[in-house]
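The sequence and structure are shown first, and the commentary follows.

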Amino acid sequence: MTDPAVGVIGGVTVDDRGIHVTATGTGPLVLSVEGRYVWSLTPERDGTPEAGGLLVPWPHVLHRYLDGVGRIRVADVPGVRVFFDAEVSLGSGRDRIEIVDGEGNPLSVDKVGHLTRSFAATDEGIREEILAGTERALRDLRETCGVDAYLNYGALLGAIRDGAMIAHDSDTDVCYLSRHTSPADIIMESYRIERTMRDLGWNLLRMSGGDIKLLLPLSDGRTCHIDIFVAFYVLGTFYQLGNRSGHLPREAIVPVSQIELHGHTFPAPADPEAMLAFLYGPSWRVPDPSFKYADPPAGVRRLDGWLRGFRSDMGRWTEFWTSVTARHVPRRGSAFARWVKRQLPREDALLEIGMGNGRDALYFARRGRRPVWAVDYSRGAIRFTLRRSRRKGIELRVEQLILGELRQVLTFGARLARDPHHVYARGLLGCLDAAAREQLWRLCRMGLRGAGRLLFLEFAATGPVGAEAPEPLPAGLVRRLDPEAVVAEIEAQGGLVETLWVGAGEDLFDHPDPYVCRLRVSWPRPRQEEIR
């Protein structure tokens, strides 16, 4: 590390582990690399105690870029107090540190921990496309979907506080106040809005029972996300995705007002300042790029149960598949894939559920099995697999499947019944709770029954009574299952276990695993007496 610049206060150092803070009362800090904003942190909240101060570890999304030499600066939000400003060698220390995307555009960590291009790194023409897209989304929601939609969160904060987009923000959020008070009615309304927005030409993703994400293509090749969050009242308490709950009078929201942002007029809450105080607290006027919500746990539990229980681990899986650890998952086909390959005619179509980094889907596709259909719960895994397939020039049919969502499972099962594929799943079963496993059996029953197609499963198994088995990886996301209990679940759903094998095998990283179970399952047509 070179000597720090003149005028630096000190009290902060930087190394491979993270940011070491011995200074007290720093408040929120802004970290820049090579003069560009990268990350914001609050040591008192984000750090862990160590000798003489606090350590704030690097966000996992930055790990892959922190190999080289770069000038790193840590200062307060206005940039007046500079605690650190020096050349730092990280990792191998060979090249210059560049935190950029494939086109060389600067990246920064956003408010939910994703690496993205902020508005500070977006030129005026692209910003205009984002604002125009947001304006169109709100118009479609209000005029065609018939809901009280309004601009909210960071875009509203920037408009009211600064009259401009917040520099470290990266997307826009809109909300609508539902007239319903029953979660079931709120979910049905959200699906009606989804269908209408699709009919209007929007490409979108469903994130929960009350949250959809519009995908706005931009002329620079990237995609901007516009989140549509539902807001509603239940027994006098105001709830708004994501995760907000508490007291906010209806009169603070409707009838909507209007605000100006970069020359565009947007509908806004009736009392924007009351909404911002509800969202960000009484100090909302003071910029804090490291701000994190402190939502009431009871409200979060209710919103999870009402609207989004089926995706509780989605963020953790996306975090895993975008982490450095995921790079250690082998790329070659697994031993299980080779075992399955020997049992199937080459021309038979195959569907992999839970494809992860796509290693086995690509293995089958490379060996002439066309088409290969690959699905996963995690959008991080989907992006990972798509990048690999495009780089290798191998065509895969890749999409998202959430086994915890009954509506999606029934639709997918109907598609599978019309387009029969063998179903392959390695390591999936231990990632699912009992409800999601039941949905998997339901999907297989719909798509495989009487079609001459098979289900192939491999999962981490419990060992004999008294035997110890290591916790499967990733820790906390995968659990061991009793093979006999799994067989009972399959048979209860009409499946026939043709092959059951338990023995030594390999885990996600191809490390030795003493107890692995392999199953080959068919779903025969029910006999006439069973139908009667």
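## Strand pairing

Two strands are said to pair if DSSP finds at least two bridges between them. In this predicted model, strand β16 (residues 237–240) and strand β17 (residues 244–246) run antiparallel and are joined by 3 bridges. Within this pairing, Phe-238 stands opposite Gly-246. The two strands form a hairpin with 3 residues between them, and Asn-243 in the turn has a positive phi of about 70 degrees.

β16 also pairs with β15, in the antiparallel sense, over 4 bridges. Here Thr-237 in β16 faces Val-234. The hairpin of β15 and β16 has 2 residues between the strands, and Leu-235 takes a positive phi near 50 degrees there.

## Nonpolar cores

The largest nonpolar core contains 60 residues, and Phe-238 is among those with the most contacts inside it, together with Leu-141, Met-197, Ile-253 and Met-275. Strand β15 (residues 223–234) gives the most to this core, with 9 residues. Leaving aside neighbours within four places in sequence, Leu-141 is in contact with residues including Val-147, Val-174, Met-197 and Ile-228.

A second, separate core has 34 residues, among them Leu-403, Leu-428, Leu-448 and Ile-490.

## Cysteines

A disulfide requires two cysteine sulfur atoms within 2.5 Å, and by this rule the count is 0. Cys-145 is in no disulfide, the nearest cysteine sulfur being that of Cys-175, 15 Å away. Cys-145 counts as buried because its relative accessibility is 4%.

The sulfur of Cys-431 is too far for a bond, because the closest cysteine sulfur, in Cys-517, is 15 Å from it. Cys-431 also counts as buried, at 19% relative accessibility.

Key:
Residues are numbered from 1 along each chain as its sequence is written. This is a predicted model: local features need pLDDT of at least 70, side-chain atom pairs count only at pLDDT 80 or more; totals for chains, interfaces and linings use all residues. Side-chain values use heavy atoms; hydrogens and water are left out. Buried means under 20% relative accessible area, exposed over 50%, partly exposed in between (1.4 Å probe, protein chains only). A nonpolar core is a set of buried Ala, Val, Leu, Ile, Met, Phe, Trp, Tyr and Cys residues joined through side-chain atoms within 4.5 Å. Contact means heavy atoms within 4.5 Å.
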